[in-house]
Every structure is written in C-alpha cells, then in structure tokens.
Amino acid sequence: MDPLLRLQDFSAAFDTARGLAPAVDGVSFDLAPGEVFGLVGESGCGKTVLSLGILGLIPRPGRISGGRAFFGGRELTAMSQEELRALRGAEIAMIFQEPMTALNPVMRVGVQLAEPLLLHKGLDKRQAEARCLELLEQVGLPGPRAVLRAYPHELSGGMRQRVMIAMALGCGPRLLIADEPTTALDVTIQKQILELLSGLAAERGLAMLFITHNLGVVAQTCHRVGVMYAGRLVEVSPVEALFAKALHPYTQGLMASLPRLGSRHERLTPVAGTVPPLTALPSGCHFHPRCPFVMDRCRREIPPVFRPEPGREARCWLHAEGGRA
Ligand code: SF4
C-alpha cells in the first residue's frame, strides 16, 4: 500500500546565537492509511518539532533544514503556506495535550466546532449544527446540545479533549497528529480517550501519528513505534516486537523504566543522565554519554540505520553485524 505520509531524511533546526541547533536530524519513515504510528522519547528529543514541521508550523527561529515530506504523494516541503493551511483545515488535523490552548475561552463550543464546517465544507448553519451534534455523539459526549452551548471552562478536561477530537474529525481528515493528547488527564479518562482514538482510527481508516513520552500509551494504541533521541529516530519497530525485545540501548532503558504489572515494590530504573541540549550535542552517537554499551567507535562515528530484522530499524553500532541498510 502506498504510504499516506512519507518523511525522507527530514531535518529541522533553530538558528541560535551559537549557530544552527538541529532539533530533528535526518528522520525517515512511512505511515500507511489506517496505521497508528507512535513517536516516543523524552521531552526535548524533537517529537513535537517534527510534527510541527510536517504541518509547516515550526515557530521562528526554527525552520526545516533538509529532507522532504510527502502527503498522499504531494510534497509538503514544497507547498506554499496557503496550500499548507488548506491541507491543515481539511486533510490533516492535530490535537494537543491541553485543549484549552487550542479552544477559544470566550467562544461557545458550538461556534468553534461549526466554524471549520462552515469554512471548509460549505455547510449552512443548520447543516453545521446537525453535523456538530453528530460529531459530539461520535466522540461519546453525553448531552451534546448542552455541550454546544457551553464555554470551554464549563467542561471537564476529558470532555474538552473529546471536543478537540470532534473538531479534528469534523472535516474528515486522512491524517490525525495527536501530540500527548492524554498527558493532562487522569488515568481512567486517559484510557477512555485512548480507546476512543484507536476505535476512530480503525473505523475510519484514519492514519495517526501519536506523539507521547509514555511507552505504556504506545502499547495500548499503536501498531508501530519510532523512538526518538536528541533529534534522531534511533529505533523503528512493530509494537509487539519492540515490547518482546528492544534493539536500541536507549529503548531498552525506556523499557526498563516502565512499571511492571504485579510488582508494586519494584524500583523503576530510569535512563541515567539527561537529554543533551541542542546546542551541545555529543559527537558520533548522541546517546553515547548515557549508553552502558558505548564503544570507541560510538564517540567518533554517527551510526547509520541498520535493519537487523525484517520491519525493524536501529541506529546503533551494536547492530552493524546485521548489515548496513
Ligand atoms: Fe550505545 Fe554505541 Fe549503540 Fe550509541 S551506537 S546506542 S553508544 S552502542
């Protein structure tokens, strides 16, 4: 199947007083229609900049610094801002961690939900209202008429996130980018929202790029996962294979920090050290100062992408025997 989204050596950077700081460095992956791809990593690893780059929304002084991105065969990286805006309104939608940043606090939910339907879908007011009620029902909001009349602050966090999902689905997008959509919610609501998103993706054949720092969320939601570290995609794998055996030492560290079922007293083992600042990235493999398996070569040479198993990638010299991709 042709990919819906394709990134080829995609890079983004920020201009700083100390030179160019690479936030995303040579990232390549495909996303098929109906596929949920999780992008995981600690804060500051480049996940959000990558997703904003796809949408043409990197704030200045950031910019796309190399590579290409395609959506449905069209090159996003060659589009004008106007073309990107049209695509964002209709075919690519995004939901964020905190819906209050995306919802206007002084406008009723119904007005905000109807606006893109009036603008992009050419519906009249009565049709837009009917469609809004339908959307709110689809995302499991009880009393949709009351929700339409409410202001965002009158809704709970979980309800607001459902409104955001309804808004994202309104124009029938083919790609949904969800950036930490459940991080601000309590565990029960988080589970409900994850189930809702997975169900909607499966029902509608919607491709989803799911950004999270939480591997547990990936296990519940995604088909494949990409692990980012300091701007680079260091591992790509089907989710089951990753949980059976992670290939990259950074992923192994993240897995070791996950709480295990039935072992309430087990201490978590965090990955020692911190993500380096963009302006002072280590040479060679960016993970080498934190890696328990570091070799001389790792400090000098950037590991290329190796494919030690079908469908799996790891940017790590430990897999050099598996053959260079
Ligand atoms: Fe560790 Fe070297 Fe692999 Fe980097 S390339 S993750 S430092 S073993």
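Modeller: This is a predicted model. I begin with E35, whose side chain reaches the backbone nitrogen of A32 at 3.0 Å.

Colleague: Which side chain is joined to that of E35 by a polar contact of 2.6 Å?

Modeller: E35 is placed in the loop between strand 2 (19–31) and strand 3 (36–40). Leaving aside residues up to four places away in sequence, E35 touches D30, L206, A207, M208, H223 and R224. Among these, the partner whose side chain makes the 2.6 Å polar contact with that of E35 is R224.

Colleague: Is E35 buried or exposed?

Modeller: Buried applies under 20% relative accessible area. The relative accessible area of E35 is 12%, so E35 is buried.

Colleague: What is the distance of the polar contact between the side chains of E129 and R145?

Modeller: E129 lies in helix 5, which spans residues 125–138. With residues up to four places away in sequence not counted, E129 touches R145 and L148. The side chains of E129 and R145 make a polar contact at 3.2 Å.

Colleague: How many charged residues are in the shell around the ligand?

Modeller: The space taken by the ligand is the largest cavity. The residues surrounding the ligand include H248, C285, F287, W317 and L318. The shell divides into nine nonpolar residues, two polar and, as to charged residues, none.

Conventions:
Residues are numbered from 1 along each chain as its sequence is written. This is a predicted model: local features need pLDDT of at least 70, side-chain atom pairs count only at pLDDT 80 or more; totals for chains, interfaces and linings use all residues. Side-chain values use heavy atoms; hydrogens and water are left out. Helices (H or I, at least four residues) and strands (E, at least two) are DSSP runs, numbered from the N terminus. Contact means heavy atoms within 4.5 Å. A polar contact is a pair of N or O atoms within 3.5 Å; within protein, one must be able to donate a hydrogen and the other to accept it, and residues adjacent in sequence count only if both atoms are side-chain atoms. A residue is near a molecule or strand if one of its heavy atoms lies within 4 Å of it. On a 1 Å grid over the protein atoms alone, a cavity is a set of points where a 1.4 Å probe fits but cannot get out, and a pocket is an open set with protein on both sides within 12 Å along at least five of seven lines; lining residues have an atom within 4 Å of a point. A molecule sits in a cavity or pocket if more than half of its atoms lie within 2 Å of its grid points. Ala, Val, Leu, Ile, Met, Phe, Trp, Tyr, Cys and Pro count as nonpolar, Asp, Glu, Lys and Arg as charged, and the others, Gly among them, as polar. Buried means under 20% relative accessible area, exposed over 50%, partly exposed in between (1.4 Å probe, protein chains only).
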